[in-house]
Amino acid sequence: MAKTVAVIGAGIVGVATALWLLRDGHRVVLIDRKGPGEGTSHGNGGVLASGSVVPVTGPGLWGRAPRMLLDPNQPLFLRWGYLPRLAPWLWRYMSHANADAARRRAEAVTHIIGDSLADHQALSAGTGAEKWLVPGDYTFVYANRAAYEADAFGWGIRRDLGFEFEVMEGAAFAAYDPALAPSLGLGVRMPNHGRITDPGQYVKDLAAHAQRQGAELRIGEVTDFIRQGDRLTGLRLGGETLPCDAAVLATGVWSKPLAAKLGLDVPLESERGYHLELWEPSVMPRAPMMIASGKFVATPMEGRLRLAGIVEFGGLVAPASRVPFALLERNIRAALPGLTWKHKVEWMGHRPSISDSLPVIGEAPKLRGVFAGFGHDHVGLTGGPKTGRLLAQLVSGARPNIDLAPYAPTRFQ
């Protein structure tokens, strides 16, 4: 039976959900404070990073993190004044920094991101947004074999989960991408990935297609859910009531206050991410590359090279720091010798990070008809289409073909 569904949040997860709901025959109202593709979905690294299943919280992080925080050349930063507020979340987050937890997370998130290229192709086909989607490799770049072998834990997990990759070394790697510095002597090529050459416009074009298919776009902020007993009947949008039969909460790191109104205490924090766009660069890498030593991605995009990475803990309010931008520029100059560009654009945004590095996907336990889909940390663009499909199935009463228990909204209660 067709329902009127309000989708709260017009990033990649919300827009993907809206499109799949429309295809399932529902009426959709898409709601966002600023408009489609204006937040985190605008500024991500642009890689459909199916192989990025290993969480930051791998074994050994307890020993590495303090040294990284004290080294300005490492991609981890903390605004120390924010530490008292961060501490409860951080303790839960670090409790997962072990091999068993990392393997469990990797296995669970593979169901969300493992077929990302195909998921994006299915989502965008016939929308006009498919022009931004480019299939291709994703390459992890190391200085040498010793540096690669230091990441053996992660590559072993990927192999166990069925991901294909090819190790290229020396002359073979130099021939694969001659633009890279000779000091970067080993690359791991992962096929069957892809990139979005303008992530913000991609989401806007998907949303525009949804509107052409009948979705209503509303700019505003949802402040509460209206209920009759344990059933949703509408939303408070600004000063008005918006009637609906179901709602999807997909506002990323800003989801916590509305989730609390659903009885959900989700341990959610911002991992502040930075990007630097170099317009009209003199050289482009062959494919998106992860420079392992700097933990940043360099992605060829429309007219520019986007460098994205860095983890900074500092909350939602503080302005961008200057040091991460300088670090990204130093790192790319080292990786691509002689690189020049016409101008650069700086951006800082907020990755929604849940303490166990898995998103929340499922129905709220105390209010029937409300579904949550947020908390994808570094893989929101990658996992957006699959998450949207799962949410649309839940709204429609269909049973997804994967076990949703690892993503249950109630797992923290």
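This short report looks at the overall build of one protein chain and then at one of its residues.

The structure is a predicted model: local features need pLDDT of at least 70, side-chain atom pairs count only at pLDDT 80 or more, and totals for chains, interfaces and linings use all residues. Residues are numbered from 1 along each chain as its sequence is written, and side-chain values use heavy atoms, with hydrogens and water left out.

Let's start with the whole chain. You will find 13 helices and 18 strands in it; helices (H or I, at least four residues) and strands (E, at least two) are DSSP runs, numbered from the N terminus. The radius of gyration, taken over C-alpha atoms, can be held against the globule rule of 2.2 Å times the number of residues to the power 0.38. For the chain it is 21 Å, close to the 22 Å that this rule gives for 413 residues, so the chain is as compact as a globular protein of that length.

Here are some values for the chain:

| Property | Value |
|---|---|
| Radius of gyration | 21 Å |
| C-alpha trace along the principal axes | about 65 × 45 × 40 Å |
| Buried residues | 59% of the 413 residues |

Buried means under 20% relative accessible area, exposed over 50%, and partly exposed in between (1.4 Å probe, protein chains only).

Now zoom in on T139. This residue lies in strand β4 (residues 133–142) and is buried, with a relative accessible area of 3%. Contact means heavy atoms within 4.5 Å. Leaving aside neighbours within four places in sequence, T139 is in contact with residues including F173, Y176, R189 and M290.
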